[in-house]
Amino acid sequence: MKTERTDSELPECVSQRWWWRRLVFLEFDELTHTTKWRRLVREYPSYGFSAEWNSWHRREELIAFRLELLRRTDFSQLPEWHSVPVWQAAWIRGVIAPKPERAVCGIFPPSLSAGYASLGRLMWDLTASDESLCRLFISCINEERRRRGLPDTDDPFTRITVPANKHTEKRRGKRNRQVSWLAVEAHDIRSFGIRPLTAGERSRVSKARRELAAFVEPLRRALENAEHLTPKADKAASSGESLYARFLRENFVRRLASRTPDK
C-alpha cells in the first residue's frame, strides 16, 4: 500500500519553506498539521516561552497562515511572514488580522460604535443575542445591588443551564479552532509536483483559497499605500528583523556555541 511522504522525505526546497515547523517554542502535529506549545525547550529549559506562545496562538499564527497562502497564490513578491519589513507588516495586519472580539456593551467613541445604541452611559450592541444582552444587563444590576447592600435576584440568566443537545453561543470575533497548515503545505506539495493530492487535501486547499479571496484586493491596495505613503525615514527606522526571524536564524545555536564548560 502506498504511503504519503513524511516531512523528512521532502525535498529541502519544500521543507525549508515550512518555517512554522521550525520555531523553537512550538511542536508540530503531523496528523492535524497544527502547532502546539513546547513548554520545555531543551536549549533553554529555564524559560517557558508562554508570552511567545500566547502571541502566536491568539493572533500571529492566523495572520502568518493567511499571508503564506496569499503569497503562494497572488503575492509572490512578498517575503515570508517572519521577514516582512515592520513598516509593511503594519499595513498587512490591517487587512488580514483576525477581527477583535465584539463586546456586548461598553463605552466607545462614536467612530467605533457602529451597530451600538446608547442607553445611559453605556453603548449596547444591537446585534447581540437576547440571551447575551439579558445576562450582562442582569449581571450589572446585581453588581449595583451588592454595592448597595441589597440581595441578589435569583434570576434565570446568570444561572442558565445548557441542554446536552445545545451549543453555547460563540463569542463573536473569538476563534477557538486551531490553525491547520495543511492547505499551505498541500499547495506546495502540488506546486512542486511531489505527489498527487488526496481528495481531502484538494478540498482543504480550495476551501482556504475561497475564504482568502476576499483579502486579495484589499491587501493589494494596502501594499500600494504602504509603498507610497510610508516615508523613507520610517522604512529605514523599522528595518530590524522580527521575533520569529530571530528564532529561525538562531534557534539558540549561537547561545549554545557561546557556552563554555564549567571548570
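How do helices α2 and α6 lie relative to each other? Hold that thought for a minute, while I say what we're looking at.

This is a predicted model, so local features need pLDDT of at least 70 and side-chain atom pairs count only at pLDDT 80 or more, while totals for chains, interfaces and linings use all residues. Residues are numbered from 1 along each chain as its sequence is written, and side-chain values use heavy atoms, with hydrogens and water left out.

Okay, the overview. Of its 263 residues, 35% count as buried, and buried here is under 20% relative accessible area, with exposed over 50% and partly exposed in between, using a 1.4 Å probe and protein chains only. The exposed surface comes to about 17100 Å², and carbon and sulfur atoms supply 53% of it. That area is from the Shrake-Rupley method with a 1.4 Å probe. As for contacts, meaning heavy atoms within 4.5 Å: taking those in the protein with a separation of 6 or more, 59% are between residues 24 or more positions apart.

Back to the helices. Two packed helices are described by the angle between their axes and the distance between the axes. Helix α2 is residues 50-73 and α6 is residues 199-212; their axes come within 11 Å and cross at roughly 95°. The axes are lines fitted to C-alpha atoms, for helices over the stretch in contact, and angles run from 0 to 180 degrees between N-to-C directions. So, to settle that opening question, α2 and α6 are roughly perpendicular to each other. For the cut-offs, 65 to 115 degrees is roughly perpendicular, under 35 roughly parallel, over 145 roughly antiparallel, and the rest oblique.

Who's touching whom? From α2 you have Phe-65, Arg-66, Leu-69, Leu-70 and Thr-73, and they meet Ala-208, Arg-209 and Leu-212 in α6. By class, that contact has five nonpolar, one polar and two charged residues. Nonpolar means Ala, Val, Leu, Ile, Met, Phe, Trp, Tyr, Cys and Pro, charged means Asp, Glu, Lys and Arg, and the others, Gly among them, are polar.

Now α2 again, this time with α3, residues 86-96: these two pack at an angle of about 95° with their axes 10 Å apart. That makes α2 and α3 roughly perpendicular too. On the α2 side it's Arg-59, Glu-60, Ile-63, Arg-66, Leu-67 and Leu-70, and on the α3 side Ile-92, Arg-93 and Ile-96. This one divides into five nonpolar, no polar and four charged residues. While we're in α3, have a look at Gln-88. Gln-88 is buried, at 12% relative accessible area, and touches Leu-78 and Leu-223, leaving aside residues up to four places away in sequence.

On to the strands. There's an open sheet of three, in the order β3-β5-β4, with antiparallel pairing. β3 and β4 are at the edges with a single partner strand each, so one side of each has no neighbour in the sheet. Pairing, by the way, needs at least two DSSP bridges between the strands. β3, residues 105-106, pairs with β5 over two bridges, and Cys-105 stands opposite Trp-124. β4, residues 116-119, pairs with β5 over four, with Tyr-116 opposite Asp-125. In that β4-β5 hairpin there are two residues between the strands, and Gly-120 takes a positive phi near 75°.

What about the faces of β5, residues 122-125? Both are covered. Leu-122 and Trp-124 are buried on one side, Met-123 and Asp-125 on the other. Compare β1: Leu-26 and Phe-28 make up a covered face, while Glu-27 and Asp-29 are on an uncovered one.

β1 also pairs with β2, antiparallel, over four bridges, and Glu-27 has Lys-36 as its bridge partner. Their hairpin has four residues between the strands, and there His-33 takes a positive phi near 60°. His-33 is buried, with a relative accessible area of 14%.

Phi is near 60° for Phe-49, a positive value in a residue other than glycine, and Phe-49 is buried, at 2% relative accessible area.
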